[in-house]
Amino acid sequence: MSKIFRRKGLALLSGILCLLATGIIVTVLINDPHKPETRPWSAWVQANFTRTIQVNGVNQVLAKTGWVYFGLFKGYKEKSYSGNYQGLRTEYFEVFKEFDNVFNLKILYAVIGCLVVGGIVLILSAGLSFYNEFTKSSYVILGSVGLYIFNGVAFFFMLCAVGLFSGLYHQQIKKNVLKSSEIDEGFNSEDNASLKFSFWILVGACFLPLINMLLTFLNSARAKSYFNKTTTIPTSNVDGMMLY
């Protein structure tokens, strides 16, 4: 038996990157926008509101009438009926209750499922990396092949989560995050939404499994040198004589 990772420390680094990616997945799953001090970076989406009212029979659009921050499970909303953020009314909500019939929650379930599967696979990949760093494996699946498979699967599910949420955002969330009763009150959020820190850090984390696959490749790569080669002098024997 021999070590799969001939370069000491690469498997350890690979395992640490797997744990880092897992930590990011857990963080973006459980981030709570309820807390004001963490709201700017804990949300997946922020949307600002405007409100249209009638003044003497003429429609008037009020700016600065509130905003909403939400993640995958919880959210926070403030609304002002008079504009300029005056008299803000605060509301905390559960995402799957608040946005029922607002946008397709099945896609949100799929995003969560992809992240959970990706996190589990990354934990397995981290364990496999540490195993290869400190032991000698006699099974191919426990070596570089296994690392390619686990990191590839993790990357696939993380990319699916990003793609699904991005599609949901551009197709539905960006157009509306308000309930029908709020729309009847004149509130509007169309084209006032933006993706926040939790989404973008997940996008960045997608590259970590790819880096691990690169480390696995570099481990098996061999550098070739075309210098300092010894020259072979051709010789032949003719009637017992050596010719040069």
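In this predicted model, Ile-24, Ile-25 and Val-28 of helix 1 are in contact with Ser-198, Ile-201, Leu-202 and Ala-205 of helix 7. The residues that make up this contact of helix 1 with helix 7 comprise six nonpolar, one polar and no charged. Helix 1 covers residues 10-30 and helix 7 covers residues 197-205, and their axes, which come within 10 Å, cross at roughly 160°. Because angles over 145 degrees count as roughly antiparallel, helix 1 is described as roughly antiparallel to helix 7. The crossing in which helix 1 passes helix 7 is left-handed.

The residues of the contact of helix 4 with helix 5 fall into 22 nonpolar, six polar and no charged. As helix 4 passes helix 5, the crossing is left-handed.

The strands may be considered next. Strands of a sheet pair through backbone hydrogen bonds, either parallel or antiparallel. In the model, five strands form an open sheet in the order 6-5-4-1-8, and the pairing is antiparallel. The edges of this sheet are strand 6 (89-94) and strand 8 (193-195), each of which pairs on one side only. On average, and with direction ignored, neighbouring strands of the sheet are turned by 15° against each other. Helix 5, which spans residues 144-173, packs on the sheet and touches strand 1 (45-48), strand 4 (66-70) and strand 8, and the direction of helix 5 makes about 175° with that of strand 8.

Within the sheet, strand 5 (residues 74-79) and strand 6 run antiparallel and are joined by six bridges. Along this pairing, Gly-75 stands opposite Phe-93, a residue of strand 6. Strand 5 also contributes Lys-77 to a salt bridge, in which the side chain of Lys-77 meets that of Glu-98 with an N to O distance of 2.5 Å. Since Lys-77 lies in strand 5 and Glu-98 in helix 3 (residues 95-98), the pair ties together parts that are 21 residues apart in sequence. Four salt bridges are found in the structure.

A further antiparallel pairing involves strand 2 and strand 3 (residues 58-62), which are joined by five bridges. One of the bridge partners is Leu-62 in strand 3, which is paired with Arg-51. Strand 2 and strand 3 form a hairpin with two residues between the strands, and in this hairpin Asn-56 takes a positive phi near 55°.

Thr-50 is placed in strand 2, which covers residues 50-55. When residues up to four places away in sequence are not counted, Thr-50 touches Val-61, Leu-62 and Thr-65, together with Gly-186, Phe-187, Asn-188 and Asn-192. Although Thr-50 and Gly-83 are 33 residues apart along the chain, the separation of their C-alpha atoms is 8.1 Å.

Notes
Residues numbered from 1 in each chain as written. Predicted model: local features only at pLDDT ≥ 70, side-chain atom pairs only at ≥ 80, totals over all residues. Heavy atoms only, no water. Pairing = 2+ DSSP bridges. Helix = DSSP H or I, 4+ residues; strand = E, 2+ residues; numbered from the N terminus. Axes fitted to C-alpha atoms, helices over the stretch in contact; angles between N-to-C directions. Contact = heavy atoms within 4.5 Å. Left-handed = near helix turned anticlockwise from the far one by under 90°. Nonpolar A, V, L, I, M, F, W, Y, C, P; charged D, E, K, R; others polar. Parallel < 35°, antiparallel > 145°, perpendicular 65-115°, else oblique.
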